[in-house]
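Please have the sequence and the structure open while I talk.

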Amino acid sequence: MRRILLTGMSGVGKSTVATRLNELGYKAVDTSYGGFSMVDENGYQRWDLDRIRQLLTEQDADILFVAGTDEQQGLLYPEFDDVILLNAPRDVLVERLAARRNNPFGKRPEELAKILSDLATYEPMIRLSATHEIDTNKPLDRVIDEILSVALPDQT
């Protein structure tokens, strides 16, 4: 089984991409839902690393997409075949965060400030470890095509 991490800052479209991949018949797990994350003492979601490790050992699909970001994700990089950094320009992130309805994170001023701080601090660090980078500031089907060209290089 191939395992692909789709990571990036809040607002880049990880949840949207995971939903679309599932609609296309792929197994895609959004770590923000389904018990893969826990809320820490500061109110921020953190991955349940044991639960994600368990997910990565399941053999019920040819390919598994895991969508999410966590400050400890680097501990799991060796278990992924590819790490795809999804990104978008800062102004696009701000617009998406203000408009989204499926997740309230980023709507409060202090949350938006944290996201923008993380964008400056963590995105460059993730970029150094990513095997691929995809700009999500384009139609969703084009983003999906680029992801699938990475995940299934012999079939595209």
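Predicted model: local features only at pLDDT ≥ 70, side-chain atom pairs only at ≥ 80, totals over all residues.

Let me begin with helix 1, residues 14-23, and helix 5, residues 140-151, whose axes come within 11 Å and cross at roughly 75°. Since angles of 65 to 115 degrees count as roughly perpendicular, these two helices are therefore roughly perpendicular to each other. On the helix 1 side the residues are Thr-16, Val-17, Arg-20 and Leu-21, and they meet Leu-140, Asp-141, Val-143, Ile-144, Ile-147 and Leu-148 of helix 5. By class, the residues of this contact of helix 1 with helix 5 are seven nonpolar, one polar and two charged.

The second pair is helix 3, residues 90-99, with helix 4, residues 109-129, which pack at an angle of about 150° with their axes 11 Å apart, and helix 3 and helix 4 are therefore roughly antiparallel to each other. The crossing of helix 3 past helix 4 is right-handed, and the contact is formed by Arg-90, Leu-93, Val-94 and Leu-97 from helix 3 together with Leu-112, Ile-115, Leu-116 and Leu-119 from helix 4. Here the classes are seven nonpolar, no polar and one charged.

Which residues of the largest nonpolar core touch the most other members? Of its 43 residues, they are Leu-6, Val-17, Leu-21, Phe-65, Ile-84, Leu-86 and Ile-147, while helix 5 gives the most to this core, with six residues. Leu-6, leaving aside its neighbours within four places in sequence, is in contact with residues including Val-17, Leu-21, Phe-65, Ile-84, Leu-86 and Ile-147.

Conventions:
Residues numbered from 1 in each chain as written. Heavy atoms only, no water. Axes fitted to C-alpha atoms, helices over the stretch in contact; angles between N-to-C directions. Helix = DSSP H or I, 4+ residues; strand = E, 2+ residues; numbered from the N terminus. Parallel < 35°, antiparallel > 145°, perpendicular 65-115°, else oblique. Contact = heavy atoms within 4.5 Å. Nonpolar A, V, L, I, M, F, W, Y, C, P; charged D, E, K, R; others polar. Left-handed = near helix turned anticlockwise from the far one by under 90°. Core = buried A, V, L, I, M, F, W, Y, C linked by side-chain atoms within 4.5 Å. Buried < 20%, exposed > 50% of the residue type's maximum accessible area, 1.4 Å probe, protein only.
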